Amino acid sequence: MKIEVLRIGTRLVRDDRVTTHVTLVSRAFGASKIYMYDANPEIKETVSKVNKMWGSDFKVEIIENWKDVIKSKKKDLFKIVHLTMYGENVNDIQDQVKKEEKILIVVGAEKVPREVYDMADYNIAIGNQPHSEISALAILLDRILQGQYLQKKYSDGEREIIPTKKGKNVIDKTAN
């Protein structure tokens, strides 16, 4: 399954950190790319440093027009999944979404334009109460990928965490 994420909008000051976290969750939970509309371009540099340190070829693309991304992905047979508290409950729709081969997940930062709801193949709610888009993205990715990202190993990182019951065990691959 190929998964990409589209982040629409940002609320100044508060959202640099939130957008960075949406990006890091996308990367860590199995997406291959994030498109960001109206975002701080420094996030691209942050993710590049994370990729170098921990491995991965996760991509960040700053875009000018989110509608063009959705239209292009639809032409490329991606299913558009919009995370919204007004959508169908994830419990009722997750099995169907798991069967899709290519998914673009739309994560809003502010009031999402009505067009997104209409363009989406799935409008999915992680509960119907106000909550964090970061947690909603993590829950959706976990549900549709069934924890597969937990087993992923990157050979191209400078460091690797070795799971341990207590303490920290980090291998520095650059040390000789």
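This report walks through a predicted model of one protein, from its overall build down to single residues.

## The overall build

Let's start with the big picture. The protein has six helices and eight strands. Read from the N terminus, these elements follow the order β-α-β-α-β-α-β-α-β-α-β-α-β-β. The radius of gyration is 17 Å, close to the 16 Å that the globule rule gives for 176 residues, so the protein is as compact as a globular protein of that length. Its C-alpha trace spans about 55 × 35 × 30 Å along the principal axes.

How much of the protein is buried? Buried residues account for 43% of the 176 residues.

Six of them form an open sheet with parallel pairing, in the order β3-β2-β1-β5-β4-β6. Which strands stand at the edges? They are β3 and β6 (122-125); each has a single partner strand, so one side of each is left without a neighbour in the sheet. From one strand to the next, the twist averages 30 degrees.

## From β2 to β3

Zoom in on one end of the sheet. Strand β2 (residues 33-37) pairs with strand β3 (residues 59-63) in the parallel sense, over five bridges. To get from β2 to β3, the chain passes through helix α2 (residues 42-54), and this β-α-β crossover is right-handed. Along the pair, I34 has V60 in β3 as its bridge partner, while M36 stands opposite I62 in β3.

With 31% relative accessibility, I62 counts as partly exposed. Apart from its neighbours within four places in sequence, I62 is in contact with M36 and P41. I62 and P41 are 21 residues apart in sequence, yet their C-alpha atoms are 6.9 Å apart in space.

## The nonpolar cores

Next, turn to the inside of the protein. The largest nonpolar core has 33 residues, and I105, I124, L137 and L140 touch the most other members. Which helix gives the most to this core? Helix α6 (residues 133-145) does, with eight residues. Another core, of 15 residues, lies apart from it; L6, I63, L104 and V106 are among its members.

Helix α6 lies across β1 (2-8), β4 (79-89), β5 (102-108) and β6, and runs at about 165 degrees to β5. I105 has contacts beyond its neighbours within four places in sequence, including I3, V5, V81 and L83, and also L137, L140 and L141.

Finally, here are two residues with backbone angles to notice. In general, most residues other than glycine have a negative phi. S56 is not a glycine, but has a positive phi of about 125 degrees. L77 is not a glycine either, and has a positive phi of about 65 degrees.

Where do these residues lie? S56 is in the loop between α2 and β3, and L77 is in the loop between α3 (66-75) and β4. Are they buried or exposed? S56 is buried, because its relative accessible area is 10%, whereas L77 is exposed, with a relative accessible area of 66%.

Note on methods
Residues numbered from 1 in each chain as written. Predicted model: local features only at pLDDT ≥ 70, side-chain atom pairs only at ≥ 80, totals over all residues. Heavy atoms only, no water. Pairing = 2+ DSSP bridges. Helix = DSSP H or I, 4+ residues; strand = E, 2+ residues; numbered from the N terminus. Right-handed = clockwise from strand over helix to strand, strands pointing away. Core = buried A, V, L, I, M, F, W, Y, C linked by side-chain atoms within 4.5 Å. Buried < 20%, exposed > 50% of the residue type's maximum accessible area, 1.4 Å probe, protein only. Contact = heavy atoms within 4.5 Å. Axes fitted to C-alpha atoms, helices over the stretch in contact; angles between N-to-C directions. Rg over C-alpha atoms; globule rule 2.2 N^0.38 Å.
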